[in-house]
Amino acid sequence: MSLAKLKKGNNVFVKKFDENKKLYHDLVEKGQHPKVLWVGCSDSRVVPEFTVNADAGDLFVIRNIANIIPPAEADENCTSSVLEYAVLHLNIEHIIICGHTGCGGINALIDGTPKDSKIHDWLKHACPTQEITKKPDSDSLELVTIKENILFQAKNILTFEYIEKKVNQNEINIHKWLYDMHSGKISFFDEIDNNWHQFF
Ligand SMILES: [Zn+2]
């Protein structure tokens, strides 16, 4: 992908913008009112809006390596400021934590990274792999870790008291999703049988 492609791409987008003028102009005039906060990975192959066919204005998004939410006590500002704005100002109703197969961040966690790198520091907030290696499972270590990390981040998000309160009052629902890069399909973690299922 060259920069020239991106510049031409804006021209293509402007045509689509004109075709959907009402949507875009309403978003300007009436402001944004997304119902969903999407926590995803920065991976260029997993574009949230594409995977769920969402429009502009549908998703409030934060993406980082391995779809991580550092716990409140980590005092990390980037992710926590997005949470604060989404939950306390936009009043979103759903938080989707979406990991994906083949996640480079999770593979870095498994393989290890140089201790002096920022990625190493960041991955300290991912699911501890020592716990996972003890768990017998038919999935590969990579896939087990990806899944467990999604569940781990769903626990991390509850360390923010204002989120835990809204979850307890059924004002926010937290969803644990896994995007399969081979099929484009999304699985969700079902609390009833403690297992992952595809939507269709
Ligand atoms: Zn990833």
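An axis here is a line fitted to C-alpha atoms, for helices over the stretch in contact. The views below come from a predicted model.

**View 1. Helix 4 packs against helix 9.** Helix 4 covers residues 77-89, and helix 9 covers residues 161-168. Their axes lie 10 Å apart and meet at an angle of about 40 degrees. That angle makes helix 4 oblique to helix 9. The crossing of helix 4 past helix 9 is left-handed.

**View 2. Side by side: the residues where helix 4 meets helix 9.** Helix 4 brings Leu 83, Val 87 and Leu 88. Helix 9 brings Tyr 162, Ile 163 and Lys 166. Five residues of this contact are nonpolar, one is charged and none is polar.

**View 3. Helix 8 has the span its residue count predicts.** Helix 8 runs over residues 141-156 and holds 16 residues. At 1.5 Å a residue, helix 8 should span 22 Å. Its end C-alpha atoms are 22 Å apart, so the two values agree. Which residues of helix 8 are buried? They are Val 144, Thr 145, Ile 146, Lys 147, Glu 148, Asn 149, Ile 150, Phe 152, Gln 153 and Asn 156.

**View 4. Helix 1 is hardly covered.** Helix 1 takes in residues 3-19, which is 17 residues. From first C-alpha to last, helix 1 reaches 25 Å. How many of the 17 residues of helix 1 are buried? The count is zero.

**View 5. Pro 128 sits in a loop.** The loop lies between helix 6 (118-122) and helix 7 (129-132). Pro 128 has 13 C-beta neighbours inside 10 Å, so Pro 128 counts as partly exposed. Asn 156 is 28 residues away along the chain. The C-alpha atoms of Pro 128 and Asn 156 are separated by 13 Å.

**View 6. Asp 75 has a positive phi.** Most residues other than glycine have a negative phi. Asp 75 is not a glycine, yet its phi is near 55 degrees. Asp 75 belongs to the loop between strand 2 (59-64) and helix 4. Is Asp 75 buried or exposed? Asp 75 is exposed, because 8 other C-beta atoms lie within 10 Å and 12 or fewer counts as exposed.

**View 7. Asn 170 also has a positive phi.** The phi of Asn 170 is about 60 degrees, although Asn 170 is not a glycine. Where is Asn 170 found? Asn 170 is in the loop between helix 9 and strand 4 (173-179). With 8 other C-beta atoms within 10 Å, Asn 170 is exposed.

Note on methods. Residues numbered from 1 in each chain as written. Predicted model: local features only at pLDDT ≥ 70, side-chain atom pairs only at ≥ 80, totals over all residues. Axes fitted to C-alpha atoms, helices over the stretch in contact; angles between N-to-C directions. Helix = DSSP H or I, 4+ residues; strand = E, 2+ residues; numbered from the N terminus. Parallel < 35°, antiparallel > 145°, perpendicular 65-115°, else oblique. Left-handed = near helix turned anticlockwise from the far one by under 90°. Contact = placed C-beta atoms within 7 Å. Nonpolar A, V, L, I, M, F, W, Y, C, P; charged D, E, K, R; others polar. Expected span 1.5 Å × (residues − 1). Buried ≥ 20, exposed ≤ 12 C-beta atoms within 10 Å, placed from the backbone.
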